[in-house]
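I opened the model to look up a few helices and their packing. My notes follow.

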Amino acid sequence: MDTYPAVEDHGLIGDLQTAALVSRDGTLDWFCAPRFDSPSLFAGLLDRRRGGHFTISPHEVDHVCKQLYLPGTPILITRFLSADGVAELVDFMPVTGETVTDRHTIVRMVRIVRGCMRLRMDCQPRFDYGRQTHTVEFTGHGTVFRGRDLSLTVNPVRRGQPLLDEGDFVREEGGVRIVGTLTEGDVGGVIMHAGPAESPRVVHPDEIEELFAETRDFWRRWLDRSRYTGRWREMVERSAMTLKLMTYAPTGALVAAPTAGLPERIGGERNWDYRYTWIRDASFSVHALLGLGFTDEARRYLEWINARITEAEENHVPVQVMYRVDGGRDLSEELLPHLEGYRGSGPVRVGNDAATQLQLDIYGETMNCLHLADCHGLRSSHDHWRNTIRMMNWLCDHWDRPEDGIWETRAGRQDFTYGRLMSWVAFDRAIRLARRLGRPADLSRWATARDAVYDQIMSRGFHRGREAFVQHYDTDVLDASLLSMPAVGFVTPGDPMWQSTLRAMDAELVSDTLVYRYDPAVSPDGLPGDEGTFTMCTFWYVQALAQSGRLDDARLAFEKMLTYSSQLGLYSEEIAPSGEQIGNFPQAFSHLSLISTATVLNEMLDARR
C-alpha cells in the first residue's frame with residue numbers, strides 16, 4: 001500500500017474531451033479514452049499491479065522531485081534533481097476542440113537541463129480497467145498496444161539516430177520497459193495516440209515543440225479573458241483552468257471529477273465514480289464563470305442544462321440528478337472486484353446509481369442559474385421557457401416529498417431541509433424571471449408554493465431545542481449544506497435564528513476552520529465508516545462568516561484553506577484529519593466554491609476599505 005502516491009501529488013492534464021493524472025514521480029496512473037467516462041487505459045491509481053501505468057523517472061539515482069505548471073497553462077513540468085544532473089518531464093495534451101473524436105494525444109517530452117541522468121520508461125497499459133487482454137507490436141519506430149476496442153500507439157521522439165541502444169529495451173508481457181542514460185541537451189520522450197490503430201513513427205522534437213507552443217498559446221489566450229484581478233488571482237485562475245480541463249467541449253458538460261473510486265476515507269467503502277455531469281455542478285458553474293467573465297463557457301453550460309430540461313419534458317420524465325457527458329441517462333453502477341482500490345480502499349465502483357435518486361435541490365440550483373444568466377444577458381428561448389414552466393409546475397406537485405438529498409445518502413428518503421430550501425429558491429427565481437421578462441407563468445400558484453415552503457422550513461426545519469436549522473425534519477442533526485441559507489437570500493445574515501445556527505455549526509461541524517458535511521455517526525447514511533471535512537462546505541463557511549459580519553474570521557479561514565491545496569493548487573473532494581486530500585481529484589465542486597468565495601470575499605474586503 002505504501003507504493004501509492006498521495007492523491008494531491010498529482011497534476012491534471014487534458015484536451016477538453018478527456019484527461020490524465022501524472023504523479024510527482026513521473027507516473028501517468030489515470031487515463032480514460034476516448035471520453036472522461038470511458039474505460040481506463042491506465043488505472044494504476046486504483047491498483048498498482050493490475051491497473052496499468054506509464055512511468056518516466058530516474059533509475060537507481062538519488063533524486064528529488066518537483067512539479068509545477070507552466071504559468072498560465074495546464075502544461076505540467078516534473079523536475080528530477082540529482083547531484084549529477086537535472087531532467088525535466090513535460091506532460092500535456094493538445095486541445096481537441098468541440099468536434100467529437102476518438103483519437104487523443106498525450107505528449108511526454110524529456111529534456112536534460114544539466115549534467116546527465118539515467119532514466120527509466122515503463123509503459124504498461126491495461127485496457128478496460130484491466131479487464132481486457134491486448135497485444136504488443138514492438139518495432140524500432142515505436143510500439144502499438146492493441147486492445148479490443150482501441151489501440152495505444154507510442155511513438156518515440158528523437159533527432160536522427162536513436163539515443164539508446166537495442167539492449168536498453170526490454171519487452172515484457174503486456175508492456176515495454178526502457179532504461180538508458182541521457183546527457184545535457186538531449187531531448188527525447190514519446191507522443192502517445194489513443195484511438196484507432198496506426199503505424200508507429202519516429203517524431204522529431206520540432207513537431208513536439210510546435211504542439212507545445214499551440215497548447216501553451218491556446219490556454220494563455222483563454223485565460224486572458226478572465227476579468228478577476230482580486231487578491232487571490234493565481235488560485236482563482238488555476239481553479240478556472242481546472243474547471244475548463246474537466247469540461248467536455250462537444251457538449252459543454254462539466255464532470256464532477258475526472259476520476260473514479262478514490263475513497264472518502266482510506267480503507268473505507270465510500271468510493272464513487274464522479275466522471276459524470278451533475279445538474280447541480282453545471283448550475284454552480286454558470287455562477288462562478290460569469291463572475292470571472294467567461295461568458296462563452298457559462299453559455300455552453302446553460303445550453304447543456306436547457307437540453308436536459310427539454311429532453312425530460314419531451315420524454316415525460318423528471319430531470320435526472322446527473323448524466324453522461326453526452327447527455328446519456330444510463331449510469332448503471334458496477335463493481336470492479338479485480339482492482340484492490342486506492343491503498344486497498346475497495347470496492348471500486350464505476351457508474352453511479354445515485355443518478356436515479358430524487359434530489360429536489362437541483363431545481364433550485366437550476367433556476368438560480370437561469371436567473372443569474374439572465375442578469376448577464378444570457379436569456380432563454382421561448383421553447384426553453386415553456387419547458388421551464390412545465391418543470392416548475394411539476395415541482396409545485398412534488399416539492400413536499402421525502403427525497404435522497406444533496407449528499408446522495410442511501411439510507412432512505414427524508415424531508416431534507418436543504419431540498420426544501422432550494423425548492424424555495426426555484427419558485428423565487430422563477431417568479432422573478434417571469435416578472436422581469438414579462439413571460440407567461442402561473443405566478444399565483446408558484447407564489448403559493450414558495451410561501452408554503454418558506455413556512456414549512458421555518459416551522460419544521462428549525463429545531464427549537466438546538467436553536468438551529470437541522471438536516472431534516474425528524475432529526476436534530478446539523479448539516480453544512482444549510483450554510484448557503486443567507487447566500488441564497490432565504491434568511492438575513494443578522495437573523496437570530498441564523499446566528500444561533502452558525503454558532504451551533506461552529507461548535508459541532510467546524511474543526512479549525514475545516515467543515516464536516518454532517519456526522520454520519522448520528523445521522524446514518526447507509527454506509528459504514530466516516531469521512532473527512534468537505535472542501536466545498538469549508539468555502540461555504542467562509543462566505544457565511546463574511547456575510548454574518550465576521551469578515552476577519554472569514555479571511556483567516558480562507559487563507560488557511562488555501563494551505564490545504566496541492567502543490568499545484570488543486571483540491572480533491574475532502575481533507576482527511578491528517579491534512580491530506582482524499583476523495584476524487586480534482587473536484588469541480590471544490591474549485592467552483594473557491595472561485596465564488598474568493599470573488600465574494602474580495603468584494604467585501606474592498607468595500608470595507
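I take buried to mean under 20% relative accessible area, exposed over 50%, and partly exposed in between (1.4 Å probe, protein chains only). The model is predicted, with local features needing pLDDT of at least 70 and side-chain atom pairs pLDDT 80 or more, while totals for chains, interfaces and linings use all residues. Residues are numbered from 1 along each chain as its sequence is written, and side-chain values use heavy atoms, without hydrogens and water.

Entry one: helix α6. I found W385, N387, T388, I389, M391, M392, L395, C396 and H398 buried in α6. Their cover includes α4 (295-314), α5, α7 (417-437) and α8 (443-461).

I placed Y363 in helix α5 (residues 361-375). Y363 counts as buried because its relative accessibility is 3%. Leaving aside neighbours within four places in sequence, I list P318, V319, M391, W394, L395 and A426 in contact with Y363 (heavy atoms within 4.5 Å).

I read an angle of about 160° and an axis separation of 7 Å for α10 (residues 535-547) and α11 (residues 551-562). The pair is therefore roughly antiparallel (over 145 degrees; under 35 is roughly parallel, 65 to 115 roughly perpendicular, the rest oblique).

How values were computed: Axes fitted to C-alpha atoms, helices over the stretch in contact; angles between N-to-C directions. Helix = DSSP H or I, 4+ residues; strand = E, 2+ residues; numbered from the N terminus.
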